[in-house]
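Let's take a walk through this structure, beginning with the ligand and its surroundings.

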Amino acid sequence: MKIRNRLTLLFSIIVASIVFIFSFITFVLYADYRNDEFYKRLKDKAQTTARLLADVKEVDKDLLRIIDQNTINELYKEKVIIYDKDNDLIYSSIDDEVISINQKLLNKVRQKKYIEYVEKENEVIGLYYRENKADYVVFVSAFDKYGKKKLENLMYFLGLSSLISVLITIAAGTFFAGRAIEPIIEINKQVSTITIDNLSSRVKTEGSKDEIDQLAQNFNQMLDRIEQSFKIQKSFINNASHELRTPLAVINSQLDVALSQNREKAEYLTILKSLQEDARKMTNLVNTMLVLAKSEEQQNDILNDFIRVDELILSVQDEIVSLYSNYTVDFSYISMPENDSDMTIKGNELLLRSAFTNLIENACKFSAKHQAKVRINSEGELLTVQIYDNGIGIPEEDISRIFDPFYRADNGRQIRGFGIGLSITKRAIDLHKGRITVKSELNAGSTFTLVFKHV
Ligand code: ADP
């Protein structure tokens with residue numbers, strides 16, 4: 001069922017229930033009031049007639065009958081019957097109206113003093129009247145024509161007004177529920193037009209603070225994020241295929257050159273070393289990209305190693321200097337760690353190794369002396385690693401973009417690289433809930449600072 005119909009139905013049921021309950025209560029209260037009032041009138045009549053018969057000696061039955069018929073207070077289909085103490089009928093107002101009275105009923109009235117009951121459509125009271133010498137049982141019966149007519153009118157009026165109220169409620173409910181969900185329908189319409197081909201379109205927002213506008217704003221923010229990651233993904237695929245083609249082309253041309261003629265053993269060795277370096281870098285790159293892709297889905301599964309960061313850096317240092325004989329890596333502690341945990345973080349070794357390798361290799365390759373310096377320090381719950389060099393530095397305008405995939409600063413383009421290392425490094429550090437910052441001065445050097453929480 002549509003929300004609009006559901007709201008209208010709910011609204012109508014609530015209003016209809018309230019109207020019917022109130023109408024019912026009004027009807028019952030009025031019926032009760034009419035009943036009481038009519039019995040009171042019957043009782044008054046019984047007392048007046050009995051008193052007249054007892055007190056005024058001159059009044060005989062016929063006179064009383066005439067008085068009875070001419071009183072203003074006369075009731076419709078009224079009958080008054082009076083019995084004396086011997087249960088003999090001493091007065092009956094008219095003869096054609098019948099009330100069935102027997103011995104048992106007379107005794108009951110004497111015993112209870114006053115009774116009320118209904119016979120056919122008439123209301124009847126029985127009253128035991130005792131004053132001075134008088135000892136009567138009086139019955140008065142009548143039909144409350146006006147009261148019942150009024151009650152019937154009231155019932156029709158309440159029924160009709162309830163029905164009209166419900167109809168008005170349904171109409172108003174449909175109208176207001178429709179208006180209330182109109183913005184949602186509008187958003188729905190706009191959302192359904194947004195596809196992968198027009199991710200830049202947005203849902204219109206009013207700028208108000210209501211929930212529906214908030215929904216539209218949140219939806220737009222979600223679209224921003226989707227569009228952003230979609231763009232990154234697109235540019236990643238574009239750049240990745242482009243950038244991976246370059247080293248592959250270099251490898252191919254090196255192989256072509258190597259195979260074009262017979263060469264000395266030393267020449268083959270140089271070419272093979274260069275090929276090995278390219279192949280190793282591409283392997284590392286592809287491996288790291290695979291781990292990162294996996295991390296998108298199962299972040300917690302891949303961060304389970306306890307890693308001694310200083311030992312990891314020393315191992316990276318060994319690897320780099322054994323591969324590049326002209327590189328030097330200068331590693332030192334700012335203060336000696338007191339226990340293992342000061343240097344240990346929980347995470348993924350492959351990712352951290354690739355991050356440190358990339359930062360240290362960059363420091364070496366972007367500096368004339370090919371020297372990287374690494375300082376490690378643990379203070380409180382934080383573990384800080386600084387990797388710095390006295391190299392070419394990064395132009396100020398490029399600093400904010402070097403973590404973007406495949407971005408390379410102009411001043412380093414002649415130095416070999418894929419431009420992807422820092423983006424992977426940043427992602428790896430972010431996954432470890434660490435922070436990476438960079439400070440650099442052109443032609444003076446760069447400092448990358450990494451901060452983690454140790455265990
Ligand atoms: P690559 O080193 O393969 O070019 P990275 O993603 O590792 O890719 O680095 C991106 C860019 O950041 C580099 O091309 C370079 O311009 C700049 N950069 C990174 N590290 C340094 C550094 N230590 N000194 C100078 N520039 C650097």
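Around the ligand sit 21 residues, and N362, R408, F418, G419 and L422 come nearest; a residue is near a molecule if one of its heavy atoms lies within 4 Å of it. Keep in mind that this is a predicted model, where local features need pLDDT of at least 70, side-chain atom pairs count only at pLDDT 80 or more, and totals for chains, interfaces and linings use all residues. Residues are numbered from 1 along each chain as its sequence is written, and side-chain values use heavy atoms, with hydrogens and water left out.

| Protein side | Ligand side | Distance |
|---|---|---|
| N362, polar side-chain atom | oxygen atom | 2.8 Å |
| A409, polar backbone atom | oxygen atom | 2.9 Å |
| G421, polar backbone atom | oxygen atom | 3.2 Å |

On its own, the ligand has 530 Å² of accessible area, and the protein covers 98% of that (Shrake-Rupley method, 1.4 Å probe).

Which elements supply at least two residues each of the shell around the ligand? They are α8 (349–365), α10 (421–431) and β12 (445–453), with α8 giving the largest share, 4 residues. Helices here are DSSP runs of H or I with at least four residues, strands are runs of E with at least two, and both are numbered from the N terminus. By type, the shell has 11 nonpolar, 7 polar and 3 charged residues. In that count, Asp, Glu, Lys and Arg are charged; Ala, Val, Leu, Ile, Met, Phe, Trp, Tyr, Cys and Pro are nonpolar; the others, Gly among them, are polar.

Now for T344, which belongs to strand β8 (residues 344–347). Is T344 buried or exposed? Its relative accessible area is 9%, so T344 is buried (under 20%; exposed would be over 50%). The T344 side chain reaches the backbone oxygen of D340 at 2.7 Å. Setting aside neighbours within four places in sequence, T344 is in contact (heavy atoms within 4.5 Å) with F306, I307, R308, H454 and V455.

Q190 lies in helix α4 (residues 145–193). Q190 counts as buried because its relative accessibility is 15%. Its side chain reaches the backbone nitrogen of K204 at 2.8 Å, and, leaving out residues up to four places away in sequence, Q190 touches R202, V203 and K204.

Finally, the overall layout: the chain is assigned domain 1 (3–150), domain 2 (211–297) and domain 3 (305–453), with bounds from an automatic or database domain assignment. The C-alpha centres of domain 1 and domain 3 are 106 Å apart.

Key
Buried means under 20% relative accessible area, exposed over 50%, partly exposed in between (1.4 Å probe, protein chains only). A polar contact is a pair of N or O atoms within 3.5 Å; within protein, one must be able to donate a hydrogen and the other to accept it, and residues adjacent in sequence count only if both atoms are side-chain atoms.
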